[in-house]
Each structure stands twice: as structure tokens, then as C-alpha cells.
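Trainee: I'd like to learn how to read a structure like this one. Could you walk me through it feature by feature?

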Amino acid sequence: FFAQTKKKKKKKKNLVSPKEMNHKQLVSWLRSQKISADSIPKSIDGKGIMRLTAKQMRAQCFYEEDAALDVFKKLRNETDRVGKIQMEQRKTQKQMNKAK
């Protein structure tokens, strides 16, 4: 009699691009980046904030000029990072499908 060992599955963290975030996810992500999110209007989600320029963020979200530019850059960097990871995942999946 052998005890079966369960394989531990690594949970894949669901990657969400800022463009796909709802308001709650956006606020959570901003806070994880040490950015105040208290002034983000509830009507703004990820898609909405990605459409804004740094100046518009400053006006609509009540950020100082430097903070608005920082948010703008971090959002775009995160979009690029997630996009690259998703592209690699699709590429790997495509190769796995070809191997079948």
C-alpha cells in the first residue's frame, strides 16, 4: 500500500491588463504600486483611465503633475509587461497544440 501524493498545482495568477480592469481592480493595482487611489472617480475603470493623457489624469483624478505622470507611465509599463507575458503564453500554447 502506497500513499498517493498529490501534485501541487501552482495557481496561475490571472494576468489582467490595466485596459481590462474594473474600477475595483484598478484601485487595488494602484495601491499595490504605492499610489493613492482615493481620488479616482468610481466612473473610471481601466479602459477609461488608459484613454486619459497625464494632464487629463491630473484634472480628473486630482493628482499633482508629477504623480499624474507617474501613474500614466506605470499604467503603460504594466500594459506592456502583461502584453508580453500573454504573447509568450499564446506562443507556448500554439507550440503545444502543434506537438499534439
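Predicted model: local features only at pLDDT ≥ 70, side-chain atom pairs only at ≥ 80, totals over all residues.

Mentor: Let's start with contact, which means heavy atoms within 4.5 Å. Here, leaving aside neighbours within four places in sequence, Ser 17 is in contact with Thr 79 and Val 82. Residues are numbered from 1 along each chain as its sequence is written, and side-chain values use heavy atoms, with hydrogens and water left out.

Trainee: Is Ser 17 buried or exposed?

Mentor: The terms go by relative accessible area: buried is under 20%, exposed is over 50%, and partly exposed is in between (1.4 Å probe, protein chains only). Ser 17 counts as buried because its relative accessibility is 6%. Across the chain of 100 residues, buried residues make up 26%.

Trainee: How many helices and strands are there in the chain?

Mentor: Helices (H or I, at least four residues) and strands (E, at least two) are DSSP runs, numbered from the N terminus. This chain has four helices and zero strands, so along the sequence you read α-α-α-α. Ser 17 sits in the segment before α1. As for contacts with a separation of 6 or more, 47% come from residues 24 or more positions apart.

Trainee: Which residues of α1 are buried?

Mentor: They are His 23, Leu 26, Val 27, Trp 29 and Leu 30. These residues lie on the same side of α1, because they cover an arc of only 165 degrees around the axis; the arc is taken from the directions from the helix axis to the C-beta atoms. What they pack against is α2 and α4.

Trainee: What does the side chain of His 23 reach?

Mentor: For that you need the polar contact: a pair of N or O atoms within 3.5 Å; within protein, one must be able to donate a hydrogen and the other to accept it, and residues adjacent in sequence count only if both atoms are side-chain atoms. The His 23 side chain reaches the backbone oxygen of Ile 44 at 2.9 Å, and a polar atom of that side chain lies 3.4 Å from the backbone oxygen of Pro 41. The C-alpha atoms of His 23 and Pro 41 are separated by 8.7 Å, with the two residues 18 apart along the chain. Beyond its neighbours within four places in sequence, His 23 is in contact with Ile 40, Pro 41, Lys 42, Ile 44 and Asp 45. His 23 counts as buried because its relative accessible area is 19%.

Trainee: And what happens at the start of α1?

Mentor: There, a side-chain oxygen of Asn 22 comes to within 3.1 Å of the backbone nitrogen of Lys 24.

Trainee: Which residues other than glycine take a positive phi here?

Mentor: The general idea is that most residues other than glycine have a negative phi. In this model, Lys 34 has a phi near 65 degrees, and Phe 62 has one near 60 degrees. Lys 34 is in the loop between α1 (23–32) and α2 (46–50), and Phe 62 is in the loop between α3 (54–61) and α4 (65–99). Lys 34 is exposed at 75% relative accessibility, and Phe 62 is exposed at 62%.

Trainee: How many salt bridges does a search of the whole structure find?

Mentor: Side chains of opposite charge can pair when their charged atoms come close. A salt bridge is a side-chain nitrogen of Lys or Arg within 4 Å of a carboxyl oxygen of Asp or Glu. The search finds four. Among them, Arg 31 meets Asp 38 at 2.8 Å, N to O; Arg 31 is partly exposed at 47% relative accessibility, and Asp 38 is exposed at 63%. Another is Arg 58 with Glu 65, at 3.8 Å. Lys 74 and Asp 70 also pair, at 3.8 Å; they are separated by about one helical turn because they are four residues apart in helix α4.

Trainee: Where does the charged end of Arg 76 sit?

Mentor: A charge sits over a ring if NZ of Lys or CZ of Arg is within 6 Å of the ring centre and within 35 degrees of the ring normal. The charged end of Arg 76 sits over the ring of Phe 72, 3.8 Å from its centre.
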